[in-house]
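Me: Please take a close look at one part of this model, a pair of packed helices, and then describe a strand and its neighbours.

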Amino acid sequence: YLRLFVNREQMLDKIIKVANEAEKELTFEIGSNSDLILENTITNNLVWTIENFKKAKKGKLTLPTKFCFVDDLLNINHEGRVIIRMSVNPEYIINNVEFGTSRLKDRIDAINKLADADYEIGILIAPVIFVENWKDLYHNLIIELKERLNEKAKRKIFFEIIFMTYSYVHNAINSEAFPNAIKIYDKNNMTGRGRGKYVYKKELRAEGEDFFRTELNKYFKENRIWYIV
């Protein structure tokens, strides 16, 4: 436990040093190995990190999450230099794939809270899973975002879209841990990419990209789509 806190200080000192010495503004991804919003409920590490990042003269921090536990972050003076990207999916996908994560409604409520607290906000639609009725599911997801996000959140958000990558290793772990999960590997729609990894075929990915660009440009035409991959 002590080592965890020593390491966090060393890591943040390195980030601050790089940020201060850089010729341009840098954004540092700090949530690639774990969900820091969930972790923060136990360690308070994220609160500590945001509060101490103010020592940097410039730069930003960014992290993704599937959890709604943001209340401890709302009264921090983050100086507008923290970007929190909320990962969302249709409730069907959450219920059958993303076990143990926050409900869609709660994630949207968390986005509204963060927007009101002046955080930069991204919405990460990921992983996009092409189940049988995927267009209806993701259309309804976008409609729900349109209806439930408050006006401040709608002005602030940007979008990132990531299609699912399938791994035999992840499947083996998830199948044992969550035997009731839906089967997400589809040999008819997926193709190999590296050893034991599969991605959706080019034609389906192109169809998916066209769908999301059309839907988001219809309902969120003022909001930027950073990428679709």
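Reply: Helix H5 (residues 104-116) packs against helix H6 (residues 134-148) at an angle of about 40 degrees, and their axes lie 10 Å apart. This is a predicted model, in which local features need pLDDT of at least 70, side-chain atom pairs count only at pLDDT 80 or more, and totals for chains, interfaces and linings use all residues. Residues are numbered from 1 along each chain as its sequence is written, and side-chain values use heavy atoms, with hydrogens and water left out. Helices (H or I, at least four residues) and strands (E, at least two) are DSSP runs numbered from the N terminus. Axes are lines fitted to C-alpha atoms, for helices over the stretch in contact, and angles between N-to-C directions run from 0 to 180 degrees.

H5 and H6 are therefore oblique to each other, a term for angles that are not under 35 degrees (roughly parallel), over 145 (roughly antiparallel) or 65 to 115 (roughly perpendicular). In the contact (heavy atoms within 4.5 Å), Leu-104, Lys-105, Ile-108, Asp-109 and Asn-112 of H5 meet Leu-141, Glu-144, Leu-145 and Arg-148 of H6. By class, the contact of H5 with H6 comprises 4 nonpolar, 1 polar and 4 charged residues.

Strand E5 (residues 158-163) is mostly covered, with 5 of its 6 residues buried, that is, under 20% relative accessible area with a 1.4 Å probe, protein chains only. Strand E4 (residues 120-128) runs parallel to E5 and is joined to it by 5 bridges; strands pair if DSSP finds at least two bridges between them. Ile-161 in E5 is the bridge partner of Ile-125. E5 also pairs with strand E9 (residues 225-228) in the parallel sense, over 3 bridges, and there Ile-161 stands opposite Ile-228.

Note on methods:
Buried means under 20% relative accessible area, exposed over 50%, partly exposed in between (1.4 Å probe, protein chains only). Ala, Val, Leu, Ile, Met, Phe, Trp, Tyr, Cys and Pro count as nonpolar, Asp, Glu, Lys and Arg as charged, and the others, Gly among them, as polar.
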